[in-house]
Amino acid sequence: MMKAIPVQEAVGTVLCHDLTRIVPGEYKGRAFKKGHVITEEDIPDLLNIGKEHLYVLSLGDTHIHEDEAALRIATAAAGSGITLSDCSEGRINFIAEPGLLQINTQALAAINSVPEVVLATMHSNQHIPSSRPVAGTRIVPLVIERERIEEVEAICAQHGPVVQVAPLQHFKVGAVTTGNEILHGRIKDKFGPVMRKKFAALGSSVMGQTFVGDDPAATRASILQFVDEGADMVVVTGGMSVDPDDQTPASIRSTGAEVVTYGSPTFPGVMFMLAYIGDVPVLGLPGCVMYYRASIFDIVVPRLLAKQKVTRDDIAAFAHGGFCAQCEPCRFPVCPFGKTD
């Protein structure tokens, strides 16, 4: 496939090595890089640097240049919420809009099993707060057999988008705060301000907060009232431990909610509860959500705001990656915490 040909016959072929331009006493540097596809406009410049013959690759009908290969892979794999960068040195990046990154890991593995094809991504199901690169693709050699790229395209066609972003929806959130010590003013509520800040950062808002003391009937009534008033989500704070007077889990169950889990294999966040009243998620939030930058809240809530139905299996999968290393300074989400795939 590599051969030396006259420059005038090289249009459409691929350079096998860099070509240098030298201007004595003024300049020495790369004029054309390895992998460049020769165009008609290049011929005068090539002759001017003394190149009358070139060592080139002839693609023919059976092979594809790295730039075209990367574009075809990226186009086939990208879904909603993704734009593609320009191709640079054979590589194209996937640029995500804000939202929840979703990676089809089964398809991703199948693509990378195709020889000489590379597609690498960030972890799935993490919140992307602002536009940023989340994946990249290229092939290993300068050229690749056409049938391998067609195989990648077939995988993408079969499995749907491999890399996509689901936008976070604006939720109206009802907050129910338990604890007689807060209701009677003996201590100041610290959960409310944290909740407002966290939901605002995710594009949602707390529609109201009620204080119910330690009365399970009042807790139940407040949860149901928020649902009746159109809340998209209800969070209940306080009373999530195993102490006999902590009644929040029982209060949530008494609403008739379908309980997904009480307990999560995450540190911090073990005493977490997730239930559904119809399509409305009800969360029992442990106190750690107030004190840690990253907790079970930051793993689960973005998924719920992206309209994902979180299951017991999803919660169980948090065990791998659910131990926070308590790094100083905290770099979440650029860390292993909550990364299950």
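How many bridges join β7 to strand β8, and do these strands run parallel or antiparallel? In this predicted model, β7 and β8 (residues 92-96) are joined by three bridges and run antiparallel. Within this pair, Ile-82 has Ala-96 of β8 standing opposite to it.

The pair belongs to an open sheet of four strands, which follow one another in the order β7-β8-β12-β10 with antiparallel pairing. As background, the strands of a sheet pair through backbone hydrogen bonds, and they do so in either a parallel or an antiparallel way. At the edges of this sheet stand β7 (82-84) and β10 (117-121), each of which has a single partner strand, so one side of each is left without a neighbour in the sheet. From one strand to the next, the twist averages 20°. Helix α2 (residues 66-77) packs on the sheet, where it touches β7, β8, β10 and β12 (132-139), and the direction of α2 makes about 130° with that of β12.

We now turn to the helices. Two packed helices are described by the angle between their axes together with the distance between those axes. Helix α6 (residues 191-201) packs with helix α10 (residues 296-305) at an angle of about 45°, and their axes are 11 Å apart. Because of this angle, α6 is oblique to α10, and the crossing in which α6 passes α10 is right-handed. On the side of α6 the contact is made by Met-195, Lys-198 and Phe-199, while α10 contributes Phe-297, Asp-298 and Val-301. Sorted by kind, the residues of this contact are four nonpolar and two charged, with no polar ones.

Notes. Residues numbered from 1 in each chain as written. Predicted model: local features only at pLDDT ≥ 70, side-chain atom pairs only at ≥ 80, totals over all residues. Heavy atoms only, no water. Axes fitted to C-alpha atoms, helices over the stretch in contact; angles between N-to-C directions. Helix = DSSP H or I, 4+ residues; strand = E, 2+ residues; numbered from the N terminus. Parallel < 35°, antiparallel > 145°, perpendicular 65-115°, else oblique. Left-handed = near helix turned anticlockwise from the far one by under 90°. Contact = heavy atoms within 4.5 Å. Nonpolar A, V, L, I, M, F, W, Y, C, P; charged D, E, K, R; others polar. Pairing = 2+ DSSP bridges.
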